[in-house]
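Welcome! Take a look at the sequence and the model, then read on.

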Amino acid sequence: MTRPIRIVQQADANEDGYERVLSFLRDQLVSGRLKTGDRLLPERDLASALGVSRPVIREALTALSTLGAVEIRRGYGTVVREPNFTALADYFSLVLAQQAGAVDDVMQARIAIERQAIRLACSRALAPDLERLSQALQAIKATIDDPVRGGEADFHFHTMIVEAAHSPALSSVYAAVAKLLQQSHLSRRQVIASVPQVDAYLIDHHEAILLAIGRRNPAEADALLAEHFEIGANLREDAAAADAQRRGTKRSTQRA
């Protein structure tokens with residue numbers, strides 16, 4: 001059963017309306033006075049308590065609803081939602097994609113998240129987590145000849161590693177940049193599709209990673225994952241060099 005939340009401290013008068021509402025929610029959440037499922041004061045009371053107009057309150061709550069922080073229920077009020085970082089995925093994709101070198105930076109963040117996650121997974125993964133990873137591996141094998149579907153299965157395997165860590169913080173950050181990560185992953189997978197013996201490598205290395213997690217060996221699992229990313233980078237460089245050579249040969253032939 002939800003309970004209405006009252007404001008116990010006036011917000012800074014120098015803040016604008018949106019900042020006041022955001023500060024209120026943040027302070028209430030941090031203090032533990034506001035929890036998932038709790039109902040905020042009605043707009044009129046909230047506006048009076050925070051010293052802003054009702055349209056400003058409505059605008060701020062609508063923005064927070066878009067971010068997934070609250071849910072506005074017609075005829076009932078505004079309720080605090082459980083945080084869901086996937087709601088921020090589109091925002092991060094738009095912002096980061098426009099920054100030079102963002103994809104490479106995000107890739108480095110991905111490596112850091114996954115390497116910590118796999119170490120935690122070795123001690124925290126439950127039987128259902130290992131089963132989901134096994135199913136993800138089977139999907140990689142079943143789609144190995146399809147760069148797009150195979151890339152999606154590959155990324156899902158890595159996502160399951162993060163989930164197996166049972167770390168809400170790691171999962172949330174990973175989910176927030178998941179769309180950008182997946183787009184990068186698919187494009188990289190398509191680049192290496194023409195590399196000889198790449199299919200065998202993709203299957204064997206993912207299987208080795210899963211076995212290391214199953215053996216509860218964090219050092220082995222982390223080393224394999226680090227090697228996995230390093231080999232992947234080398235394969236992409238080899239594929240790019242081979243493609244450049246083919247293009248050069250083609251231009252020379254055309255001129256001849």
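The side chains of Asp154 and Arg189 make a polar contact at 3.3 Å. You will find Asp154 in helix 7. A second polar contact joins the side chain of Asp154 to the side chain of His206, at 3.0 Å.

Is Asp154 buried or exposed? Its relative accessible area is 3%, so Asp154 counts as buried. Setting aside neighbours within four places in sequence, Asp154 is in contact with Ile140, His185, Arg189, Leu202 and His206.

Beyond neighbours within four places in sequence, the residues in contact with His206 are Leu137, Ile140, Asp154, Phe157, His158 and His228.

| Side chain | Partner side chain | Distance |
|---|---|---|
| Asp154 | Arg189 | 3.3 Å |
| Asp154 | His206 | 3.0 Å |

## Rings and a charge

How many aromatic pairs does a search of the whole structure find? The search gives 1 aromatic pair. Its members are Phe155 and Tyr174, whose rings are stacked, with 6.1 Å from centre to centre and 10° between the planes. The pair links distant parts of the chain, 19 residues apart: Phe155 belongs to helix 7 (residues 147–164) and Tyr174 to helix 8 (residues 168–176). Phe155 and Tyr174 are both buried.

Arg39 lies over the face of Tyr76, at 4.7 Å from the ring centre.

## The hairpin and the overall layout

Strand 1 (residues 70–73) pairs with strand 2 (residues 77–80) in the antiparallel sense, over 4 bridges. As an example of a bridge, Val70 has Val80 in strand 2 as its partner. The two strands form a hairpin with 3 residues between them, and Gly75 in the turn has a positive phi of about 80°.

Stepping back, the protein has 11 helices and 2 strands. Read from the N terminus, the elements follow the order α-α-α-β-β-α-α-α-α-α-α-α-α. The protein has 256 residues, of which 40% count as buried. Among contacts between residues at least 6 apart in sequence, 70% join residues at least 24 apart.

## How confident is the prediction?

The average pLDDT of the protein is 82, and 78% of the residues score at least 70. Which elements have the lowest and the highest mean pLDDT? Helix 4 (residues 89–97) has the lowest, at 66, while helix 6 (residues 127–142) has the highest, at 97. Over residues 7–14, pLDDT stays under 50, and the model has 14 contacts beyond four places in sequence for them. Where pLDDT is low, the predicted coordinates should not be read in detail.

Key:
Residues are numbered from 1 along each chain as its sequence is written. Side-chain values use heavy atoms; hydrogens and water are left out. Rings of Phe, Tyr and Trp (its six-membered ring) pair if their centres lie within 6.5 Å; planes under 30 degrees apart count as stacked, over 60 as edge-to-face and the rest as tilted. Buried means under 20% relative accessible area, exposed over 50%, partly exposed in between (1.4 Å probe, protein chains only). A charge sits over a ring if NZ of Lys or CZ of Arg is within 6 Å of the ring centre and within 35 degrees of the ring normal. Contact means heavy atoms within 4.5 Å. Two strands pair if DSSP finds at least two bridges between them. pLDDT is the predictor's confidence in each residue, from 0 to 100. A polar contact is a pair of N or O atoms within 3.5 Å; within protein, one must be able to donate a hydrogen and the other to accept it, and residues adjacent in sequence count only if both atoms are side-chain atoms.
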